[in-house]
Amino acid sequence: MGTVNPDITILYDTIRWEEKALLATAKEMGISASMVNCKGLHLDLEDEPDMFGVVLQRCVSYYRNVHSTAALEGMGVDVINCHKTGVLAGNKLYSHMLLKNAGVPTPKACVSFSQEAALQALDKIGYPAVIKPTVGSWGRLISKINDPEIAGSILESRESMYPIYQIHYIEEFVRRPPRDIRAIMVGDEIVAAIYRTSHDNMWKTNTALGGTADPCPVTPEMEEMCIKASHAVHGQIVGVDLMESDDGLMVHEVNNTTEFKNTARVTGIDIAGAMIKYTIQRARG
């Protein structure tokens, strides 16, 4: 008897709560799903594989994510999110330009390509400012720069890092409440949203860094902005991060393999179910 190919493959490199929830939900819905560890995956690029079904791309590593997606798509596999989304949403500079061109409000930003040019950019954008790696997640290597002395120290430390960290992406420090908003998009719908509030006067709101989560009501303005942001990076299932500035809502990031554990916990919404339903419609459509 031959092996039955799954309807959905969940491709991962780190098993988080989210990947377990997606697999469990698929099984509860009677949908054939498999888990594949990208670290153990080898692909014959000349094959035309039919053993994957639709692939839910859940790799945390930017480089595993975009390269495995490119290979699978080149072999004819339908991947959510697509290669364009992985590349564009995964790079803060790329996504900033796309959001700006799509008319989505974003923080003012500069990019520079040397330590000296970054200091000039900071003088232009003003202190305090925020420096971010163009590729990164979980708030790593994101720093608030309060003055030129701190700027010099941070920029000097990056001179010895991998070249991607010598591309200096700098944003204005947005005056906002001590929180931001994470909205989970499935197709053209926000299925759930939360406020992420900073912990003990920290300015970063990542729940992985101690921030707290509370339900956030979805407004028509927010949904319209999130749809534009998702479309800008060709997204299908994404997390959109927004801030409440003095000038209104603005988007500061779109997440390709978004985490949703805390959003599901505090809203009680079956986010994994919405993702699986969307994916199986693609698989059977």
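Me: Which residue in S13 is the bridge partner of Glu244?

Reply: The bridge partner of Glu244 in S13 is Leu249. This is a predicted model, in which local features need pLDDT of at least 70 and side-chain atom pairs count only at pLDDT 80 or more, while totals for chains, interfaces and linings use all residues. Residues are numbered from 1 along each chain as its sequence is written, and side-chain values use heavy atoms, with hydrogens and water left out.

Me: What makes S12 and S13 a pair?

Reply: Pairing requires that DSSP finds at least two bridges between two strands (a strand being a DSSP run of E of at least two residues, and a helix a run of H or I of at least four, each numbered from the N terminus).

Me: Why is strand S13 called mostly covered?

Reply: Seven of the eight residues of S13 (residues 248-255) are buried, which is to say that each has under 20% relative accessible area with a 1.4 Å probe, protein chains only.

Me: Which residues have the most contacts inside the largest nonpolar core?

Reply: A nonpolar core is a set of buried Ala, Val, Leu, Ile, Met, Phe, Trp, Tyr and Cys residues joined through side-chain atoms within 4.5 Å. The largest has 23 residues, and those with the most contacts inside it are Ile181, Met222, Cys226, Val240, Leu242, Val251 and Val254. Its largest share, five residues, comes from H7. A second, separate core has 22 residues, including Leu56 and Ile271.

Me: Which residues is Val254 in contact with, leaving aside its neighbours within four places in sequence?

Reply: With contact taken as heavy atoms within 4.5 Å, the partners of Val254 beyond those neighbours are Ala89, Leu99, Ala229, Val233, Val238 and Gly239.

Me: Why do S5 and S7 count as edges of their sheet?

Reply: The open sheet has four strands in the order S5-S8-S6-S7, with antiparallel pairing. S5 (109-112) and S7 (143-145) each have a single partner strand, so one side of each is left without a neighbour in the sheet. Three bridges join S6 (residues 129-132) to S7, and Ile131 stands opposite Ser143 in S7.

Me: Which helices lie across S7, and at what angles do they run?

Reply: Angles run from 0 to 180 degrees between N-to-C directions of lines fitted to C-alpha atoms, for helices over the stretch in contact. Helix H6 (residues 148-158) lies across S6, S7 and S8, running at about 140° to S7. Helix H5 (residues 115-125) lies across S5, S6, S7 and S8, running at about 10° to S8.

Terms used
Buried means under 20% relative accessible area, exposed over 50%, partly exposed in between (1.4 Å probe, protein chains only).
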